[in-house]
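This briefing sets out selected computed features of a structural model. Please read the points below alongside the sequence and coordinates.

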Amino acid sequence: MDRVGVFEAKARLSELVGRAERGRETTITRNGKVVARLVPAGKTPRKNPNAAVIDQITAFGKTLKVKGRVNVRDLIEDGRE
C-alpha cells in the first residue's frame, strides 16, 4: 500500500487510478493524517466487526411499539433501581 499527499495525488491521479485497476491500494494523506483510500473497485470495503450486532439491535428496535413520548433520562433512572 502506497501513501501520497493530497497535492501529489491530484498531480498523479491517472497513475494512481491505473494502480488501483491493477489491484494496488493507495492511502491519501493531508498533513500526515490519512483522509482517504483509493482501492480497486472490486475490492469489498472492510466490514465493521460489530455490524451483525448492530443489525440485530436495529431489527429488534423495529419490533417495538412505543406510544407517546419516551424520556430517555427516566428510562435510565428506572434501570438503575
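Arginine 12 counts as partly exposed because its relative accessibility is 22%; buried means under 20% relative accessible area, exposed over 50%, and partly exposed in between, with a 1.4 Å probe and protein chains only. The model is predicted: local features need pLDDT of at least 70, side-chain atom pairs count only at pLDDT 80 or more, and totals for chains, interfaces and linings use all residues. Residues are numbered from 1 along each chain as its sequence is written, and side-chain values use heavy atoms, with hydrogens and water left out.

**Salt bridges**

- The structure holds 6 salt bridges, each defined as a side-chain nitrogen of Lys or Arg within 4 Å of a carboxyl oxygen of Asp or Glu.
- Arginine 12 is bridged to glutamate 15, with the closest N and O atoms 3.0 Å apart; glutamate 15 is partly exposed at 39% relative accessibility.
- Arginine 37 and glutamate 25 form a salt bridge at 3.7 Å, N to O. This pair links distant parts of the chain, 12 residues apart: arginine 37 lies in strand 3 and glutamate 25 in the loop between helix 2 and strand 2.
- Glutamate 25 is buried, at a relative accessible area of 10%, whereas arginine 37 is partly exposed at 38% relative accessibility.
- Arginine 80 and glutamate 77 meet at 3.3 Å, N to O; both belong to helix 4 (residues 72-80) and are 3 residues apart, about one turn of the helix.
- A network of salt bridges links Asp2, Arg19 and Arg24.

**Sheet**

- Helices (H or I, at least four residues) and strands (E, at least two) are DSSP runs, numbered from the N terminus.
- An open sheet of 3 strands has the order 1-2-3 and mixed pairing, where two strands pair if DSSP finds at least two bridges between them.
- Its edge strands, strand 1 (2-5) and strand 3 (33-38), each pair on one side only.
- In the hairpin of strand 2 and strand 3, with 2 residues between the strands, asparagine 31 has a positive phi near 55°.

**Helix 2**

- The buried residues of helix 2 are Leu16, Gly18, Arg19 and Ala20.
- Their cover includes strand 1, helix 1 (6-11), strand 2 and strand 3, judged by contact, meaning heavy atoms within 4.5 Å.
- Glycine 23, which follows helix 2, has a positive phi near 100°.
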